[in-house]
Amino acid sequence: MSLGEKLRNAMEKIRNSSSLDKDTVKEVTKEIQRALISSDVQIELVLKLTKQIEEEAFKDLPSGINRREFITKNTYDILAKALGGEKTKLIEPKRILMVGLFGAGKTTTTGKLAKYYSKRGKKVGLICADVFRPAAFEQLKQLSEKIDVEFFGIQNEKNAAKVVKKGIEKFKNYDLIIVDSAGRSALDEELIKEIKEVNSELKPDLTLLVLGADIGQIAGKQAKAFHESVGVTGVIITKMDGSAKGGGTLIACSLTKAPVYFIGTGEKMNDLEEFDSVRYLSRIMGYGDLQGLLEKVKEASEDEEIDLEELMKKEFNLDVFYKQLKAARKMGPLNKVMDMMGMGKQIPKEQMELGEGKLDGFKVIMDSMTKKEKLEPELLNHSRIIRIAKGSGKKEEDVRELIKHYKKMKKMFKQMRKFNDPEALQKKGAMEKLMKKFSKQKKIKFR
Ligand SMILES: Nc1nc2c(ncn2[C@@H]2O[C@H](COP(=O)(O)OP(=O)(O)OP(=O)(O)O)[C@@H](O)[C@H]2O)c(=O)[nH]1
Ligand SMILES: [Mg+2]
């Protein structure tokens, strides 16, 4: 099982449990621990992260968020932060130097980056400064032909800096030069010397350390050593497609504050992704709508002002329905509120007879929807309904029932707007009276 699957299974427990108590959270963090340890994350860090998840799980809920969502969001946040969190945006590079040990994926990634930048409209030149391995010249040359970018190298030249110097002359009018350097089995004196010479010739604005995902937590040590001896501005982790240790490698790099800018996910020239910890997590954990959840939490933290008068004028949608429900819950039982509004008889019988418990259930379900979904209930397709059911701990039927009620309410609202028959006019009067009453406390503020 991959790290993603293991984490996903752990989070499923949160989504599916009927009661979210301390024991359930403990069980979940135990699973997260196992997942991270098998991905070669340092034990102390694993314990620290899971302790944090447990500590934050039962803090006060922000309004509009249920416990399940709160814990899910916190867990994602904590894991995403460990994976590097938000990093400073990558500069627009002009000269990139690729460094790393034997077989890390430098040459392949040099090709991938060249393709990445030339697709974005840059004129890219590649220089082979690997004078150590005889086949390196041919390997990069072939790659450059494949992706259709210019190549420079001097076969049988033993001085890497000299090759770079000539290459820079050739590419002096190019937007971007990428230099592929030689690997060694360790970061030894010889390698440091060579990189330093290339460095002073090239003066790179971006020095990228290439690491294979399979090295796990040693990545931290390597990143630190490379940084101290040759200066590294960013990391690319390759072979994320084939290694169970990818998570550990990423986290180890993040500990050294080395930002991971790209990950390699295969041998082909297109298999390069910009690295973003939240997107990465949501993808490996299969939580497609993490973005929706994050958006919702953000919205919920903003104050909400409910203006009843406005609410009655508005186009009816789930958001209005939700606010009415919320307002109603503040003012008293829905049937009383509706009665006061002179709407009692207009509301379908079954709607009026909806138990209080049911209404609260609806609110919980709507708490699991994004703002967009509430404004445009037509978006609620099967997969969204499944997500909402899971997020709210309700059944799919419950969500569908809410949608059914909403539709009936919407119809009723439409009828209410046709104020052209006497009965309706009378009701309008009643409503205005009620509105006046409310206008004294015109805006009810909910937090
Ligand atoms: N699956 C997978 N394989 C990769 C990836 N990146 C590189 N490889 C493979 O890893 C092997 C080594 O890649 P190279 O690019 O030659 O590595 P290098 O760091 O240039 O190696 P040296 O120049 O010998 O130090 C090759 O077989 C690549 O196809 C990746 O993201 N995923
Ligand atoms: Mg190479």
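A residue is called buried here if 20 or more other C-beta atoms, placed from the backbone, lie within 10 Å of its own, exposed if 12 or fewer do, and partly exposed in between. The model is a predicted one, in which local features need pLDDT of at least 70 and side-chain atom pairs count only at pLDDT 80 or more, while totals for chains, interfaces and linings use all residues. Residues are numbered from 1 along each chain as its sequence is written, and chains are lettered from A and ligands numbered from 1 in the order in which they are written.

Strand E5, residues 206-212, is mostly covered, with seven of its seven residues buried; strands (E, at least two residues) and helices (H or I, at least four) are DSSP runs numbered from the N terminus. In a regular strand the side chains alternate between the two faces of the sheet. In E5, Leu206, Leu208, Val210 and Gly212 lie on one side and Thr207, Leu209 and Leu211 on the other, and both faces are covered.

E5 pairs in the parallel sense with strand E1, residues 95-99, over four bridges, where pairing requires that DSSP find at least two bridges between the strands. Leu208 is the bridge partner of Met98, and Leu208 also stands opposite Gly234 in E6. Strand E6, residues 234-238, runs parallel to E5 and is joined to it by five bridges.

Together with helix H9, residues 218-230, E5 and E6 make a right-handed β-α-β unit; right-handed means that, with the strands pointing away from the viewer, the path from the first strand over the helix to the second runs clockwise.
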